[in-house]
Amino acid sequence: QQTAPQVPTVELTVEVLGSKLAHFNARMDAYAKLRLALQEGLPPLEVTDNPSEILRAEQLLAARIRGARAGAGRHDIFTEDTRRAFRQLLRPLTNAGTCAFIQDDNPGEFGWSVNRTYPKDRPLSSVPPSMLAALPRLPEDVFYRFLDTDLLLHDSRANIMLDRIDNAIRCP
């Protein structure tokens, strides 16, 4: 009589990402509502070839957002659980091809803080479509950007940085 070979016991931990992403979505919805309310009374931005008009509209909105979010700090939007969830979503999508795509227009590292202006002299990085498809949708004019391997939330309407995940991806 043959005995069955001993199969090692494997313990798995299952983490549900849905609730963590729901908290992120709620924070982004709250931000979108805040920005919409703060836009009230500002001159509407119209299509123009005059960069100073665009800059003025951007700065007026940014000043209001900074005032309303004066107490905002790092990781208010990207909480610890959200950062972990985003890394889990991005890890299987990160390969040599996605890293090359990200590095193509990556601005690299620069000093940043919550509510600070995104520097006009730095490129705006693109996020690979496969990653965008996996990440939660953002409000209009809010974008994911990479700074080296860190993931940044950028409000392009006010040109301010909202939060950041350090080492969101690992490139080979």
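Predicted model: local features only at pLDDT ≥ 70, side-chain atom pairs only at ≥ 80, totals over all residues.
Colleague: In what order do the three strands of the open sheet stand?

Modeller: Helices (H or I, at least four residues) and strands (E, at least two) are DSSP runs, numbered from the N terminus. Two strands pair if DSSP finds at least two bridges between them. The pairing in this open sheet is antiparallel, and the order is β1-β2-β3.

Colleague: Which strands stand at the edges of that sheet?

Modeller: An edge strand here has a single partner strand, so one side of it is left without a neighbour in the sheet. The twist averages 30° from one strand to the next, where angles run from 0 to 180 degrees between N-to-C directions and axes are lines fitted to C-alpha atoms, for helices over the stretch in contact. The strands at the edges are β1 and β3.

Colleague: How many bridges join β1 to β2?

Modeller: Strand β1 covers residues 142-147 and runs antiparallel to β2. Among the facing residues, Val142 stands opposite Asp155, and Tyr144 stands opposite Leu153. The two strands form a hairpin with two residues between them, and Asp148 in the turn has a positive phi of about 60°. The number of bridges joining β1 to β2 is six.

Colleague: Which residue of β3 is the bridge partner of Asp155?

Modeller: Five bridges join β2 to β3 (residues 160-165), and these strands run antiparallel. The bridge partner of Asp155 in β3 is Ile160.

Colleague: Is Val142 buried or exposed?

Modeller: Val142 has its place in strand β1. Contact means heavy atoms within 4.5 Å, and not counting residues up to four places away in sequence, Val142 touches Met28, Tyr31, Arg35, Leu153, His154, Asp155 and Leu162. Its relative accessible area is 4%, so Val142 is buried.

Colleague: Which residue's backbone oxygen does the side chain of Asn159 reach at 2.9 Å?

Modeller: Asn159 lies in the loop between β2 and β3, takes a positive phi near 55° and is buried at 5% relative accessibility. A polar contact is a pair of N or O atoms within 3.5 Å; within protein, one must be able to donate a hydrogen and the other to accept it, and residues adjacent in sequence count only if both atoms are side-chain atoms. The backbone oxygen that the side chain of Asn159 reaches belongs to Tyr118.

Colleague: Which residue's backbone nitrogen lies 2.8 Å from a polar atom of the side chain of Thr98?

Modeller: Thr98 is found in helix α4 (residues 96-104) and counts as buried at 9% relative accessibility. Leaving aside neighbours within four places in sequence, Thr98 is in contact with Leu93, Pro128, Ser130 and Met131. The backbone nitrogen at 2.8 Å is that of Asn95.

Colleague: How are α1 and α3 oriented to each other?

Modeller: The axes of α1 (residues 18-39) and α3 (residues 80-90) come within 9 Å and cross at roughly 115°. The contact is made by Lys20, Leu21 and Phe24 of α1 and by residues of α3 including Phe86 and Leu89. Angles under 35 degrees count as roughly parallel, over 145 as roughly antiparallel, 65 to 115 as roughly perpendicular and the rest as oblique. The two helices are therefore roughly perpendicular.

Definitions and conventions:
Residues numbered from 1 in each chain as written. Heavy atoms only, no water. Buried < 20%, exposed > 50% of the residue type's maximum accessible area, 1.4 Å probe, protein only.
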